[in-house]
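Biologist: I am new to this model and would like a close look at one part of it. Please take me through the annotated domain towards the end of the chain, and then through the pocket.

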Amino acid sequence: MPNVLIVDDDPAILEILRAYLTAEGHTVLEATDGARARVLLPRADLAILDWMLPSVSGLDLAHEARAAGLDLPILMLTARGEEEDKLRGLNIGLDDYVVKPFSPREVVARVRALLRRVGVRDTVTGGGLQLDLRARIARLDGQLLDLSKLEYDLLSALAQHPGLAWTRERLLERVWGSDFPGTERVVDVHVTGLRRKLGDDADHPRFIETVRGVGYRFREAQD
């Protein structure tokens with residue numbers, strides 16, 4: 001399931017959003033300040049940011065994310081409800097804006113709509129591969145694939161964004177985390193192992209293509 005990052009320094013807001021989003025089936029990442037959020041942002045499919053945060057504001061985080069090329073949907077959840085604030089946020093690349101106090105059900109509905117808009121799905125099927133992202137189950141030609149947690153995370157990151165060229169650096173941040181001390185070479189090693197389990201051929205890929213000088217790309221599903 002998609003990773004949803006919640007960044008807020010109010011424990012009560014974190015708790016209630018965690019409960020609602022987890023019930024929806026999302027994997028929830030949490031941060032209470034901007035510095036920690038910077039570390040987690042590359043692993044997120046969507047971010048919910050408070051504007052007023054310790055160390056780095058939510059608005060600055062959103063600006064940094066866009067400047068770094070992160071195209072994940074960003075929803076601002078803030079007490080700042082002036083029209084000028086909304087326009088400022090939307091003009092730097094926010095995708096949605098909700099003013100506190102808020103309805104958790106409305107936020108979940110907006111998260112669902114934003115993920116749908118960018119094509120993040122619960123399941124991936126095609127070419128004999130069936131990936132149930134909610135249940136974390138992968139099947140190939142009807143047979144259950146024995147994948148490690150890391151292999152599943154790597155496959156789901158690629159498969160949720162078919163056609164997108166991932167750099168090795170971005171995959172490393174997304175799957176291993178930005179504090180992982182290893183090199184980008186580890187991505188190549190695990191892609192090789194994943195291809196072996198998928199019966200994929202690097203020269204004639206069925207699922208994972210090598211993008212020369214960049215990284216990897218999951219092919220669009222083909223029935």
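Modeller: Helices (H or I, at least four residues) and strands (E, at least two) are DSSP runs, numbered from the N terminus. The model is predicted, so local features need pLDDT of at least 70 and side-chain atom pairs count only at pLDDT 80 or more, while totals for chains, interfaces and linings use all residues. Residues are numbered from 1 along each chain as its sequence is written, and side-chain values use heavy atoms, with hydrogens and water left out.

An unreviewed UniProt entry annotates residues 121-220 as "domain: OmpR/PhoB-type"; such annotations are given in the numbering used here, with shortened feature names, and may be inferred rather than shown by experiment.

Consider next an open sheet of three strands, which pair antiparallel in the order β10-β12-β11. Because β10 (165-167) and β11 (208-211) each have a single partner strand, they stand at the edges, and one side of each is left without a neighbour in the sheet. On average, neighbouring strands of this sheet are turned by 35° against each other, direction ignored. Strands of a sheet pair through backbone hydrogen bonds; here two strands count as paired if DSSP finds at least two bridges between them. Between β11 and β12 (residues 215-218), which run antiparallel, there are four bridges. Glu209 has Arg217 in β12 as its bridge partner.

Two helices lie across these strands. Helix α7 (residues 168-176) lies across β10 and β12 and runs at about 80° to β10. Helix α8 (residues 185-198) lies across β11 and β12, at about 150° to β11. Contact means heavy atoms within 4.5 Å. Axes are lines fitted to C-alpha atoms, for helices over the stretch in contact, and angles run from 0 to 180 degrees between N-to-C directions.

Finally, the largest pocket holds about 370 Å³ of space. Among its 18 lining residues, the closest to its centre are Asn3, Thr27, Arg136, Lys149 and Asp153. Elements giving two or more residues to this lining are β2 (27-31), α6 (149-159) and α7, and α6 provides the largest share, six residues. On a 1 Å grid over the protein atoms alone, where a 1.4 Å probe fits, a pocket is an open set of points with protein on both sides within 12 Å along at least five of seven lines, and lining residues have an atom within 4 Å of a point. Grid points are joined across faces, edges and corners, and the volume is the space filled by probe spheres set on them.
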